[in-house]
Amino acid sequence: MQHRVRAVLLTPHDTMLLIKRIRPGIAPYWVIVGGRIEPTDAGPEDALLREVREEIAGEAEIVRLLHTVETGDERQDFYLATVEKWSFEDRTGPEFSQEGRGEYLLEEIPLTTEALDAVNLLPRDFATVLRAAVEGGDLLTAR
């Protein structure tokens, strides 16, 4: 089973960081920062911190596990985390240099249901969970 970790990264500005993906022939969509757990990672949280360093050159502080999505041969753990500083220009993830992967754009999205409704956040199952957490004010208590 493929195991991935993702971070809902809250900023000091009461926003969250999402990556907008633009690929030929596909409508733009947004994803949460994260990726696959590698054999060299000590565990899911270690993998998550590595992914944040690679994808946005930031240092995250994990608050808690927010949700898990399992589908057939894949498990994705979504963590709530905070990040104070980041630099998308200094990212080092291997996917950014692979030909044909399309564009990656880092965006700050307000922690509002309106802002979430305005983006095509994938996976949809998690987008629904995240929207409910934002609507209930559950994320603001992490800051």
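This is a predicted model: local features need pLDDT of at least 70, side-chain atom pairs count only at pLDDT 80 or more; totals for chains, interfaces and linings use all residues.
Residues are numbered from 1 along each chain as its sequence is written, and side-chain values use heavy atoms, with hydrogens and water left out. Helices (H or I, at least four residues) and strands (E, at least two) are DSSP runs, numbered from the N terminus.

- Most residues other than glycine have a negative phi, and most peptide bonds are trans.
- Proline 123 sits in the loop between helix H2 (113-117) and helix H3 (124-135).
- Aspartate 14 isn't a glycine, yet its phi is positive, near 55°. You'll find aspartate 14 in the loop between strand S1 (2-10) and strand S2 (15-23).
- With 40% relative accessibility, aspartate 14 counts as partly exposed (buried means under 20% relative accessible area, exposed over 50%, partly exposed in between, using a 1.4 Å probe and protein chains only).
- Alanine 57 is another non-glycine residue with a positive phi, near 50°. Its place is the loop between helix H1 (44-56) and strand S4 (60-71), and at 32% relative accessible area alanine 57 is partly exposed.

**Helix H1**

- H1 has 13 residues and spans 18 Å from first C-alpha to last, close to the expected 18 Å (the expected span is 1.5 Å times one less than the number of residues).
- Buried residues of H1 include Ala47, Leu48, Val52 and Ile56.
- What do the buried residues of H1 pack against? Their partners are S1, S2, strand S3 (26-36), S4, strand S5 (74-83) and strand S6 (103-110). Contact here means heavy atoms within 4.5 Å.

**Aspartate 41**

- Aspartate 41 lies in the loop between S3 and H1, and its 11% relative accessibility makes it buried.
- Leaving out residues up to four places away in sequence, aspartate 41 touches Arg36, Asp46, Ala47 and Arg50.
- The side chain of aspartate 41 also reaches the backbone nitrogen of glutamate 38 at 2.7 Å.

- S4 and S5 run antiparallel and are joined by 10 bridges (two strands pair if DSSP finds at least two bridges between them).
- Which residue in S5 is the bridge partner of glutamate 61? That's threonine 82.
- The hairpin has 2 residues between its strands, and glycine 72 takes a positive phi near 45° there.

**Rings and charges**

- The count of aromatic pairs is 1. Rings of Phe, Tyr and Trp (its six-membered ring) pair if their centres lie within 6.5 Å; planes under 30 degrees apart count as stacked, over 60 as edge-to-face and the rest as tilted.
- Phenylalanine 78 and phenylalanine 126 have ring centres 3.8 Å apart and planes at 5°, so they are stacked.
- Phenylalanine 78 is in strand S5 and phenylalanine 126 in helix H3, so the pair ties together parts 48 residues apart in sequence.
- Phenylalanine 78 is buried at 0% relative accessibility, and phenylalanine 126 is buried at 0% too.
- Arginine 21 lies over the face of tyrosine 104, 3.9 Å from the ring centre. The charged end of arginine 91 sits over the ring of phenylalanine 88, 4.2 Å from its centre. The rule is that NZ of Lys or CZ of Arg is within 6 Å of the ring centre and within 35 degrees of the ring normal.

Notes. A polar contact is a pair of N or O atoms within 3.5 Å; within protein, one must be able to donate a hydrogen and the other to accept it, and residues adjacent in sequence count only if both atoms are side-chain atoms.
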